[in-house]
Amino acid sequence: MVCGAGIVGICSAIQLLKRGYRVTLLDRRGPAQETSYGNAGVISRGSVFPEAAPGIWRKIPGYLSNRKIEARVHYRYLKALSPWGIGVLRNSKPESYRSNLQALNIIVSACLDEHKKLLLASGAQNYLRENGWMKLFRRTNSFEASAGEQRQLAEYGIPFDTVSASDLRALEPSLQDIFCGGLLINNTASVSDPGAVGQHYADYFVAEGGTVVIDDIVRLQQQSGEWTVHTSNASLQCDHVLVSMGAWSRPLLEGMGYRVPLAVERGYHMHYQCDSPINRPVYDVDAGYVMSPMRRGIRVTTGVEWAAEDARPTPVQLRQVEPLVKQALSIRQQVDNEPWLGRRPCMPDSLPVIGMATRHSNLWLAFGHGHMGFSMGPITGRLIAEMITGARPIIDTAPFGLARFS
Ligand SMILES: Cc1cc2nc3c(=O)[nH]c(=O)nc-3n(C[C@H](O)[C@H](O)[C@H](O)COP(=O)(O)OP(=O)(O)OC[C@H]3O[C@@H](n4cnc5c(N)ncnc54)[C@H](O)[C@@H]3O)c2cc1C
């Protein structure tokens with residue numbers, strides 16, 4: 001039984017089915033309806049830098065002031081956030097940062113190939129663009145400050161080009177002349193509708209013999225080795241359970257005695273009509289938002305809002321970035337009636353949890369993919385299926401066990 005049908009659960013269900021298991025994919029809303037629906041759709045090769053970087057403590061006062069566009073916090077969430085915050089500070093030591101970066105680099109380097117296999121198998125190749133993504137800088141000092149990142153990209157063999165203002169005019173002629181330069185991360189792809197891609201993957205799972213059930217998971221129970229998944233409407237028996245409920249994995253597992261220092265970093269999106277769109281996703285670094293060309297229009301996604309997963313939406317950042325987007329690109333009216341809200345499930349070391357639970361047999365975990373879950377969904381599915389079947393995983397999974405937080 002796979003609990004949670006975001007991109008991580010769907011891909012895990014496919015991989016288990018391919019290895020001969022009978023698989024039920026259970027979700028209260030249906031496949032790819034939550035965070036996996038509305039993200040920026042970047043399948044990134046360059047995003048290998050953990051949030052917990054040396055010197056991050058200097059940014060904390062700014063974040064807590066709620067004056068930054070890229071990060072805000074609901075103050076009533078601070079208590080629940082503190083185990084994660086302490087973990088971030090621990091992981092920001094240079095040696096932890098370096099080993100987390102290495103582990104992230106290895107898993108991230110496998111993302112695009114695994115997506116491509118599923119895109120092909122599910123008939124969703126038309127959503128894929130392989131023209132990279134860009135980080136653009138408005139201020140010369142920000143561009144210069146990216147020198148450290150450029151050194152690390154080179155060190156880890158991640159292909160990129162520095163882009164001057166005139167290069168940019170050729171690459172993205174629709175952008176206004178407000179950027180002094182940027183980085184084009186090659187080898188990175190994006191999709192024009194991540195929710196539709198997730199739905200294609202789920203349809204493929206069903207076409208291959210998998211079962212999707214829509215129901216609300218209330219609790220998991222193990223008796224004499226057998227698992228029962230209690231939902232609002234039924235009690236479903238199975239041999240193995242995989243928890244892949246994104247941000248909602250923490251409350252479920254804490255009820256079973258696990259310590260899960262997961263923070264919810266919420267983010268919003270809004271689509272805008274645009275007569276002359278950009279060709280690839282762009283991160284406007286100094287303005288703190290990402291814009292991606294999507295089937296529904298230009299999708300503008302916001303930075304981080306630390307808040308409880310089910311707290312009411314407060315799309316302040318979306319209102320703040322709209323005038324900044326208009327400085328960069330000629331957009332027209334909004335397409336959506338309401339802002340969309342998603343929940344990034346973030347671990348203190350920026351590494352996902354992929355592996356076996358420590359207190360129960362045949363309980364498997366795949367969550368905590370933070371800002372990179374759309375990219376990492378297919379490789380996570382492959383790894384968890386290899387672990388469940390006892391095969392040797394294609395990469396070392398030791399850095400991803402939940403036991404690292406014990
Ligand atoms: C604004 C924004 C932009 C992003 N951009 C990118 C990007 O460009 N590239 C990238 O790689 N990543 C990006 N991400 C991150 C990525 O979207 C997430 O990491 C990823 O979607 C997480 O997938 P998931 O399957 O773990 O969780 P989810 O997609 O959240 O799925 C969890 C599932 O569990 C289900 N569930 C929860 N509770 C229950 C219950 N009690 N019973 C039954 N079902 C339940 C939910 O309905 C949901 O379907 C972005 C995220 C945001 C918010």
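Analyst: A residue counts as near a molecule if its C-beta atom, placed from the backbone, lies within 6 Å of it. This is a predicted model, in which local features need pLDDT of at least 70 and side-chain atom pairs count only at pLDDT 80 or more, while totals for chains, interfaces and linings use all residues. Residues are numbered from 1 along each chain as its sequence is written.

User: How many residues surround the ligand, and which are the closest?

Analyst: The ligand is surrounded by 40 residues, with Gly6, Asn39, Gly246, Gly267 and Gly373 the closest. The shell divides into 14 nonpolar, 19 polar and 7 charged residues (Ala, Val, Leu, Ile, Met, Phe, Trp, Tyr, Cys and Pro are nonpolar, Asp, Glu, Lys and Arg charged, the others, Gly among them, polar).

User: Which element gives the most to the shell around the ligand?

Analyst: Helices (H or I, at least four residues) and strands (E, at least two) are DSSP runs, numbered from the N terminus. β20 gives the most, with 4 residues. The elements that each supply at least two include α1 (7-18) and α13 (373-389).

User: At what angle do α1 and α13 pack?

Analyst: Two packed helices are described by the angle between their axes and the distance between the axes. Here the angle is about 35° and the axes of α1 and α13 lie 7 Å apart (axes are lines fitted to C-alpha atoms over the stretch in contact, and angles run from 0 to 180 degrees between N-to-C directions).

User: Which strand pairs with β12?

Analyst: Strands pair if DSSP finds at least two bridges between them. β12 (residues 226-231) pairs with β13 (residues 235-238) in the antiparallel sense over 4 bridges. The two form a hairpin with 3 residues between them, and Thr228 stands opposite Gln237 of β13.
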